[in-house]
Amino acid sequence: MTKLTQDPGPAYFNPIIIAALREKEMDVVFSLLSTLGGKGMAPSNVVFEKFINMCSGLDGEVNINIRSLFKYFREFNWLPDQELAHQIEELFVGSKTENWKCHWTIVDKSGVCQCCKHRLGRIVLTDADFQNLQQQFLTSTLIGENVYLKSNPEEVERFKDFIQEYAPFDVVVDALNVAAFCRSNMLRKVVEFFARYHHKRVLVIGREHMQRSLGRNLQPIMRMASTFFTDNIGKSTMLVSNDYMRDHKCLLSPNLQGVFERWQRSRQISMKKVHHDNFVFQMPLKYDSGPQEDSNGWHVPYEDCSQRAVYEHPNTYLCLRAKKRPQKRSKKETDGRAN
């Protein structure tokens, strides 16, 4: 009934998910978690706590459902806080049938755990996922239901023809966002950094009025990069922008929002100002930031209360290593050894 009058949020979902967990109705739990995550929302800590408590089997073995929870953490970029991370630690370490060792550690920029030295896997985007994302991003976020609200049909076609003629690009610079972050001569330095010093094919996208504000910096930029100024891209392309693009993500279908976030975390470069005339780049890290399982256990990221942008990776992790407990020998085997 709530859906008839409004778009229900976590306050409506949380008690239903908890009730479904209590009754072991896991199909309902997974369906509601998927719906909530698809809306760009997360359930409350109470839901996660109930789920983690349920994941301890009767014999003390870590229940297989924890894999499902970690899958949702990964898909919707949900991060447990330190309190939940402690509960996850207790779940694994408290197992009566398996010997789990937990270490609170960090993962370096190359994706190597500083505790066990395991290298985490990279973010993988399939060609099919990227093609679907590319098509829907163009139709839903750049054009929309009414093309006249965001652009005009001629400009859209001109942009598509431009991309078809000059693509692929290694780096796309969001000129309006970069120019808002720093002065126009800094935009020139950004383009110079990638085009001249790193020999990348650069595309600069901005608005028509920026041609005037760029002044004498415009011609050097146009010599180093392709430019497309509007009146108002491949899978490996990097995007230089500090825009979180939350509005863009919300216009995508739920099944592609996670794909968009994975692309964003692996390809978006942000800028950090260190001086009024200088900046540094915050480069995407080289590993997937979601929970990962390997042959010897798990690496589970958690939130350490620092402020991060959506495309920045956490580097604080639980390193969970499994060692099977030695099996008890039967009395017959023990007697045989004695003889």
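A nonpolar core is here a set of buried Ala, Val, Leu, Ile, Met, Phe, Trp, Tyr and Cys residues joined through side-chain atoms within 4.5 Å, where buried means under 20% relative accessible area, exposed over 50% and partly exposed in between, with a 1.4 Å probe and protein chains only. The model is predicted, so that local features need pLDDT of at least 70 and side-chain atom pairs count only at pLDDT 80 or more, while totals for chains, interfaces and linings use all residues. Residues are numbered from 1 along each chain as its sequence is written, and side-chain values use heavy atoms, with hydrogens and water left out.

**Overall make-up**
- The protein has 15 helices and 10 strands, which are DSSP runs (helices H or I, at least four residues; strands E, at least two) numbered from the N terminus.
- Of the 339 residues in the protein, 45% are buried.

**Nonpolar cores**
- The largest nonpolar core holds 36 residues, and Val 29, Phe 51, Ile 88, Phe 92 and Leu 320 touch the most other members.
- Among the elements that give two or more residues to this core are helix 4 (45–54), helix 5 (65–76), helix 6 (82–93) and strand 10 (316–324).
- Another core, of 23 residues, lies apart from it and includes Leu 187, Val 191, Leu 218 and Val 240.

**Ile 66**
- Ile 66 lies in helix 5 and counts as buried because its relative accessibility is 3%.
- Leaving aside neighbours within four places in sequence, Ile 66 is in contact (heavy atoms within 4.5 Å) with Cys 55, Leu 91 and Phe 92.
- Ile 66 and Phe 51 are 15 residues apart in sequence, and their C-alpha atoms are 8.1 Å apart in space.
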